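Student: Could we go through this structure together, one question at a time?
Tutor: Gladly, let's have a look.

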Amino acid sequence: MSEKMEGGKHLYRFLTNLIITVAVTVLFAYGWGRWLNILLDRPFLGLGRLTMIVIYMILAIFFIYSFGGYEIGVSRISHASIGCALASFIVNLIMVVMTVMMVGYKKLVPTIILVYFELLIADVVVLFVITYFGTWLYRRIFPPYRMLQIHGSHVNNLDHKMGQRRDRYVIAETIMANAPLHDIEKKIDEYDAVLINDVPSELKNKVLKYCFDRQKRVYFTPKISDIIVRESDELNLFDSPLYLSRNVGFSTWQRAIKRTGDIILALIGIVLTSPIMLVTAIAIHSYDKGPVFYKQERYTIHKKVFRVIKFRSMIVDAEKNSGARLASENDDRITPVGHFIRSTRIDEIPQFFNILKGDMSFVGPRPERPEIHEEYCQKVPEFDFRLSVKAGLTGYAQVFGKYNTTTYDKLKFDMIYVQKASILLDMQLILLTLRVVFQKESTEGVEEGEKTAK
């Protein structure tokens, strides 16, 4: 039953992804043939027209995939819709530039922009409808698996988080990891899937093998060691299986490409956001006549200390009495202007200058304050591992986590990046960061009275 359901899910997602791709391609094909092709001195015929359609389709597939627009049934409707909308915006922007260059007449630029704007609106509406009804139908055809949770002694709220997605996860029963193994195995047989939630490695291995034998799907929280070995290379040198975990991060040529990309993107970012920075600076200073920028010591690679630059979002001397602590959900130190620039990430824009200087990279673990980093290390000594690469403006934890994500989970996200680090991954995370800006939940503060994420 489980195998047939999984096969059905894969087929359904393939079909919905195909519908999305065909929809945006057909819309462009109609717009190109009806309004754009005729603007050329020599309109494209057969092969030329087909080439333009294929170029658009390839760009659409790449960006929709990168922004998570194809995740119907997997992600929330809002996330998939935002991903499709952002992808459509970027693809049509690229095509505007290409079409303007091909047409070559300045007087036709407004017409070209108008056509692509109308195409963008049509894309957003059609893709939202497909995403909404595709997800609605998916949830009715494929009900969530009934799951057994095997819980360790460590208290976390993973079951609560999964409970917020009852369209995908239903934790029907929980059994503690210290229960007899026979009782655990007997319970496993009653359910479709198992959640191994932070249990000792010895028990996890036994449960994994038992579930494999009975073809039960398993979700489990990884240990740091699981993440470290995840990207190991397979070596077939002997008649015994052997894995190699290199633990070296970026190679020399990758670091050179990454640094070059950082400089180019930082310069582009500074130029494009200069009007936003000017307006923000005026708003901050006008509110309380205080300084516009806020500089703070942070750790980067190998615990090198640098001063990060941000737009000031809190009152002057916000930590004079409280000392170093993260912002809470309803922090009274944040100014009205600060609430807006924090929710929209505008306060982070000045870090383009840190990237240009070389203190930070565009992608990497977020730099922590030395005192907070050391406090984290007292609880989780492995927190130092994340400093094996340069700190970044955005990163794995920023894309897939939240501001108040726990210390250990932040470390896990950053370690996944450290182990998977590549130029292609950096490009994907930069694109996904654009989607995160529209997700309000990613900026949630820590609980009231807390100085750090627990």
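Tutor: Let's begin with a term: buried means under 20% relative accessible area, exposed over 50%, and partly exposed in between (1.4 Å probe, protein chains only). This is a predicted model, in which local features need pLDDT of at least 70, side-chain atom pairs count only at pLDDT 80 or more, and totals for chains, interfaces and linings use all residues. Residues are numbered from 1 along each chain as its sequence is written, and side-chain values use heavy atoms, with hydrogens and water left out.

Student: Is Asp226 buried or partly exposed?
Tutor: Its relative accessible area is 24%. Buried would need a value under 20%, and exposed one over 50%. Asp226 is therefore partly exposed.

Student: Which residue forms a salt bridge with Asp226?
Tutor: A salt bridge is a side-chain nitrogen of Lys or Arg within 4 Å of a carboxyl oxygen of Asp or Glu. Here the closest N and O atoms are 2.6 Å apart. The pair links helix 7 (residues 201-213) with helix 8 (residues 224-230); helices (H or I, at least four residues) and strands (E, at least two) are DSSP runs, numbered from the N terminus. The partner of Asp226 is Lys204.

Student: How many residues apart in sequence are the parts tied together by Lys258 and Asp426?
Tutor: These two residues form a salt bridge, with the closest N and O atoms 2.5 Å apart, and both are buried. Lys258 lies in helix 9 (residues 252-288) and Asp426 in helix 15 (residues 423-436), so the pair ties together parts separated by 168 residues.

Student: Why is strand 3 largely enclosed by the rest of the structure?
Tutor: In a regular strand the side chains alternate between the two faces of the sheet. On one side of strand 3 are Ala193, Leu195 and Asn197, on the other Val194 and Ile196, and all are buried. Strand 3 (residues 193-197) is largely enclosed because the number of its residues that are buried is five of the five.

Student: In strand 4, which residue is the bridge partner of Ile196?
Tutor: Two strands pair if DSSP finds at least two bridges between them. Strand 3 and strand 4 (residues 217-220) pair in the parallel sense over four bridges. The bridge partner of Ile196 is Phe220.

Student: Which side chain makes a polar contact with the side chain of Asn92?
Tutor: A polar contact is a pair of N or O atoms within 3.5 Å; within protein, one must be able to donate a hydrogen and the other to accept it, and residues adjacent in sequence count only if both atoms are side-chain atoms. Asn92 is buried, at 3% relative accessible area. At 3.3 Å, the side chain in contact is that of Asp123.

Technical notes:
Right-handed = clockwise from strand over helix to strand, strands pointing away.
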